[in-house]
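Please keep the sequence and the structure in view while you read.

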Amino acid sequence: MISLTDFLVVSAVLFCVGLYMIVSKQNAIQVLIGIELMLNGAILNMVAFSKYDRINNGGQMFALFAIVLAAATTAVALAIILNVYKQYKTIDPGSINKLGD
Amino acid sequence: MNILTLLIFTPILVAFVIAVLPSSWRAGFKYITLATTLVQLGMSIWIYTQFKNGASFAGVNHEGQFQFMQKLPWINLDLGAMGKMQIDYFVGIDGLSIALLVMTSLVLVIAALASWEIKSNLKGFFVLFLILDMAVIGVFCSLDFFLFYIFYELMLLPLYFLIGMWGGARREYAAIKFFLYTLFGSVFMLLVMIGLYLSVKDPVTGNHTFSMIQMMNPANYESGSVFSVLSHATILGMPARTVGFVVLFIAFAIKVPVVPLHTWLPDAHVEAPTPVSIILAGILLKIGGYGIIRICVGIFPEIAHADAYWLGMIGVISIIYGALNALAQQDLKRMIAYSSVSHMGFVLLGIASMTTEGLSGAVMQMVSHGFLSTMLFFLAGVIYNRVHDRGINHFRGLAAIMPKYTSFVVIAFFASLGLPGFSAFIGEAFSLTGAFKSPSVNGLLPYWMPVCGSVGILLGAAYFLWTLQRMFFGTLNLKGGSVWKTALADLNIREKLTLLPLALLTLVLGLMPSLVFGKINDSVVAFIQFLGSK
Amino acid sequence: MNNFLQAIDTLTIKFTLAAVLLPLLAFLINLVIPGKHNKITGWVSTLAILFSCVLSATIFSKVWNTGHLVHQQFAWFTVGETQAYVGVLLNNLSVLMLLLVNLIALPVHIYSMAYMKDDAGYNRYFSFLSFFCFSMLALVVVDNLVLFYIAWELVGFSSYLLIGFWFSRHKAVQANKKAFIMNRIGDIGLLTAILIIYATFHTFDINILFGDHSIIKAITVYNRGEWYSPLTGSFTIPGVSYHLDDIWQFVAFIGIFLAVAAKSAQFPLHTWLPDAMEGPTSVSALIHAATMVAAGVFLLGRVYPMFNGIELNILAIVGCFTAFMAATVALTQNDLKRILAYSTISQLGYMVMAMGIGAYSSSLFHLVTHAFFKCLLFLVAGIVIHQMAHIRDDNKLDIDPQNIQNMGGLRKKMPLTFIAALIGGLALIGLPFTSGYLSKDGILIQAFQWSQGKGWLFMLIPAFAILTTWLTAFYVIRLITKVFFGDLKLRERFPNIKLHIGDGGWRYAVPLLFLAAGSLFPVFSFNPFSYEHSWLYHGMFQTGATAGEGLFHVIVPVGVNIFSVLVIYAAYRIYAKQKTNPFSQTSMLYRLSANEWYFDEIYKKYIVVPVLAMGRATFRLDRRVIDGFIHSVAYAGMALAKAAMWTDRYIIDGFLNLIVAVVQSIGNFARRFQGGKVQYYIYSMLVVILVIFILTTLI
């Protein structure tokens, strides 16, 4: 029997892997992938916890909504990355430090 | 317009005029200054002739008896519960100040004439000179302690610059020494002055007051105040009034100067240019003596009475110590400076005797020393201007090439060493008379004191005659050889015109001392009575 | 009658004032007369003194022995309750002195016109001389002690000017300085005495203090010599009469004594007088022989009532010692004027001694006779010196014209001068028929009378006085023999010198004759052997002084004079041989005498040098201690300021800097988190969240 804990563990692993990718990768695309992984970890949590809402299936609904939204944001993010690349000829987030003071 | 106010503030107006005149007119500044001092002299002589004698004009501790008085409210602050702060512009003169006032005006004329030797930065010099002029006249006229203090401090500033900028080789040292010495005295004087202010109330207005005349009346002291006669307050374990007296005395003693507070004087005199030396010796020293009489002794009479022995002692020490020092000098100006210390010792001795003779002698000695030290410093300046040297051993036999100069030196030296017929004799003799009389009338001074004091007269003869013999007599022999011989021309017209009135004045005062005594006598008698009533 | 007397008095006073002020007028006129060598000045001064002389003779005739005191005063100035007066007091003593000064000054003036005629400072000379006459005349007529002191100092001052008349001579200016300073010692003594007297009795008036009804006499009698103040001032402590300790009465005496010793050249203040001979000889004759030096004795005469027995004894001892000491010194001197100077000191010693033994009138008598013959001797010396200087200049020699070793045989060239010298010399010795005999015998006789019954110690005084007389005889004859007898000693060294010398003109002769006449007995007494018959002695006679006939009146004059004649003969025999040094020059007594008893050396070593050293010491004290203290205060201030600066920089500023540094490092540390790297933000966010999480869990 697959318990709720197992889902949560998978989701935590996903989140951590995503987090790790965000802070460590030199490539914006990979960072984006990391964000997606974290997002999916979160979505998995929602689906897993939706067993407590059997009437409305709110979890699944939100998961779907989030997936759609994630797709959209990914598209936007890729566009930004593309523009960043145009501007800086790199997509290494470490070397893009114009946000700094 | 009050004549004293006019007398005090004329120079400052002229100083403004000189300050705004273009520097290209600088050749005229000395004439403007001279004219100013002459106008002042005219005014003081007018005051002298108008000055009324008689016991009802004695002044001293009666406000109504002062002459040429002007009293205007100056700084009035309502302090609410603390009453009103009242500082008056209050000037007036009595017998104690009139002689010194006239002497001051004359010395200023001579100093202006001596300023011909100043060649650099004329505008600055004469502006400072005139400020100094105002301050010294103001000191002798002020009857409000606060006003007095302002004038007193105001003297320091121009003097500091006059010595420090136009002086000799070690001028900065001398200027700072002079400044610090005097400031040391006057800072503590300020404290006592404030203490007195807080203790004294004007009986008419009921406010605290700075009026010296009110301070002389013990009834005006608030009960329980610091300096009240009755309250016996103490400062650091000593009676407050004694402390006040001593502090004021030190402040003025530095000016007089008395041993051991005198070492600023030789340095300042040696480094100062001739006109400043003249003002220093002729006027500044007298302010010390005047302050001791009117302020120290006047405000704290019973302390002065109790400590008269010590005053006399310091006077005698000054007389002998100054004379011995003068004997050891190799520099003409320094010798004269030390002789001033010795001569001013007689003033202190005369004051300490608390007799009419002694006090009159002290005032006479101050007037006489005013003229004589002026003359002596002017004479020293003459030779310094010619060859820029004042070493007594660097000259010999000057009488052969400068006979007129030598005659004036002989007159000045003999007048200073107390030859009868000159004013210094009257001053010294009556200071000593007072001191001799003191044991029999008030028992303040012992007999040996004037006896020791008269040894100073002997030493005076020794150092003056020795100098005369070394510098002026014998065969001509100059350190600078023939260059000096040509440079050492005899006196010119301006110098003769400067010296002649001084020589005549000291002679006239010696022959007719009533010119001074007649004017001061009532005040002196009143002052001694005032002291005696304590 | 009273009005009449008053009118006469007023006239007398006017005459006196004129007599005193005429020389002053001459002085003032001479000051403005142009040129350095204007003959008019000599005439102005001489005429002034001539008129003054006539006036004083008139005054003398009016006042002398009338028993009437002319005293008038005017207010001068007021100090407190003290009124100072200018006044004239004429009694026997003052009119006598007035006349004497004028009688001596007149011949000296005439003489000076010739004596100084080639001097560059002719004008100056006569100005000073007139000024001296003025102050000396003022000294004798003034009526109070203040004026007396003034005149006293003025004579000293004019003496200073005249001693240093040739101011380019080093020795002259040394001498006048010495004279003035030594006189100053006397001056302050006098001042002290005057002021003690004033402080006690509250008056300066000589007549009130020392006159016939003097308060001092009264007080001394009633209080056994102690002084009580008759003080009644407003400041006296009521009910307490002020009593002066007798020590201060004694101090007053010492003051008077110092004044007398300085002016009249008594031991210990006598050393200035021989040096004062550097002045022109005419000046020495007037000032340093006849008039000014007698002022000390005159002062004693004025204040005589204030002395008590012990003080009079001191005067007698000092006078006697001075007379003896100076006579011994005079024995060996070779400078003509120095010998005369020491003889002056010696004779003044007689006068002071006479005052001390109570021979008041004899003392003043001797003063008068001495003035004549000593002035005469000095004028003679002046002529001799001038002639020797002539010889020197004519032959271009390098000799001292005052050295008697160079002289000799001048008797033949200058007969008048010789006779004058002889008369003066014999009067100085005190041989009969001279005025000196009258006055000196009076002193000697009274000295014996005084010492009677007082013990042998007191006998020493008349004994030494007589010894001094014989010494005087010896040195006078030595002088006269060496100068006038034999042959000119210079010829031994310079055989070819030319001599063009003589007695000089009338300006020399008249004064000599006049003064020589004054040195003979008829002027003073018609009986040449008895001083008590002299009009002068009577005029001065004070009640209470010793008087009367006695054995001494015969023994003393006869004995003294017989031995004197022997001494004279011996001295003549010794010196007529014209050996340069008849006595051994190495004996101790000779050296003591020749070196003037070493007084100058002693004074220099024990007084002058220590005083100068003291002056330097006080100056060092000034420099090192007082200035050193001031400087150390200044340095301390500087050090304090430096310390404050250090504190400021390193502690107060340091604290501020520390805070700044801390804040800065914190800021730098925090800044690192905002490097613009998005991943850093996230990372740090993560860390913070973790920390918060861990903290919340722990707490």
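Two chains are said to be in contact when they have heavy atoms within 4.5 Å of each other. Of the two pairs of chains in contact here, chains B and C share the most contacts, whereas no contact joins chain A and chain B, whose closest C-alpha atoms lie 57 Å apart. What you see is a predicted model, in which local features need pLDDT of at least 70 and side-chain atom pairs count only at pLDDT 80 or more, while totals for chains, interfaces and linings use all residues. Residues are numbered from 1 along each chain as its sequence is written, chains are lettered from A and ligands numbered from 1 in the order in which they are written, and side-chain values use heavy atoms, with hydrogens and water left out.

Chain A has three helices and zero strands, and its pattern along the sequence is α-α-α. The radius of gyration, taken over C-alpha atoms, can be set against a globule rule of 2.2 Å times the number of residues to the power 0.38. For the 101 residues of chain A that rule gives 13 Å, but the radius of gyration is 17 Å, well over that value, so chain A is more spread out than a compact globule. The C-alpha trace of chain A spans about 50 × 25 × 25 Å along its principal axes.

Chain B has 20 helices and four strands. With 534 residues, a compact globule would have a radius of gyration near 24 Å, and the 23 Å of chain B agrees with this. Along its principal axes, the C-alpha trace of chain B spans about 75 × 60 × 45 Å.

Chain C, in turn, has 26 helices and four strands. Its radius of gyration is 38 Å, well over the 27 Å that the globule rule gives for 699 residues, so chain C is more spread out than a compact globule. Its C-alpha atoms fill a box of roughly 150 × 80 × 60 Å, taken along the principal axes. The domain assignment, whose bounds come from an automatic or database source, gives chain C a domain 1 (308–594) and a domain 2 (602–692), and the C-alpha centres of these two domains lie 86 Å apart.

How many residues does each chain bring to the contact between chain C and chain B? Chain C gives 52 residues and chain B gives 64 residues. The size of an interface is often given as the accessible area lost when the parts come together. Buried area is that loss of accessible area (1.4 Å probe), summed over both parts, and for chain C and chain B it comes to about 5,200 Å², 71% of it on carbon and sulfur atoms.

Side chains of opposite charge can pair when their charged atoms come close. A salt bridge is counted when a side-chain nitrogen of Lys or Arg lies within 4 Å of a carboxyl oxygen of Asp or Glu, and the rule finds two across the interface of chain C and chain B. In one of them, the side chains of B:Asp267 and C:Arg623 meet at 3.7 Å, N to O. Another salt bridge joins C:Asp627 and B:Lys177, with their closest N and O atoms 2.8 Å apart; this pair crosses between chains, from helix H25 of chain C to helix H6 (residues 171–199) of chain B.

Most residues other than glycine have a negative phi, and most peptide bonds are trans. A cis peptide bond, with omega about 5°, joins B:Val259 and B:Pro260, and B:Pro260 is found in the loop between helix H8 (240–255) and helix H9 (264–271) of chain B. In chain C, a cis peptide bond joins C:Phe267 and C:Pro268, with omega about 5°, and C:Pro268 is found in the loop between helix H9 (246–263) and helix H10 (272–275). C:Glu596, a residue other than glycine, has a positive phi near 60°, and C:Glu596 lies in the loop between helix H24 (588–594) and H25 of chain C.

Technical notes. Buried area is the accessible area (1.4 Å probe) that two parts lose on being put together, summed over both. Helices (H or I, at least four residues) and strands (E, at least two) are DSSP runs, numbered from the N terminus.
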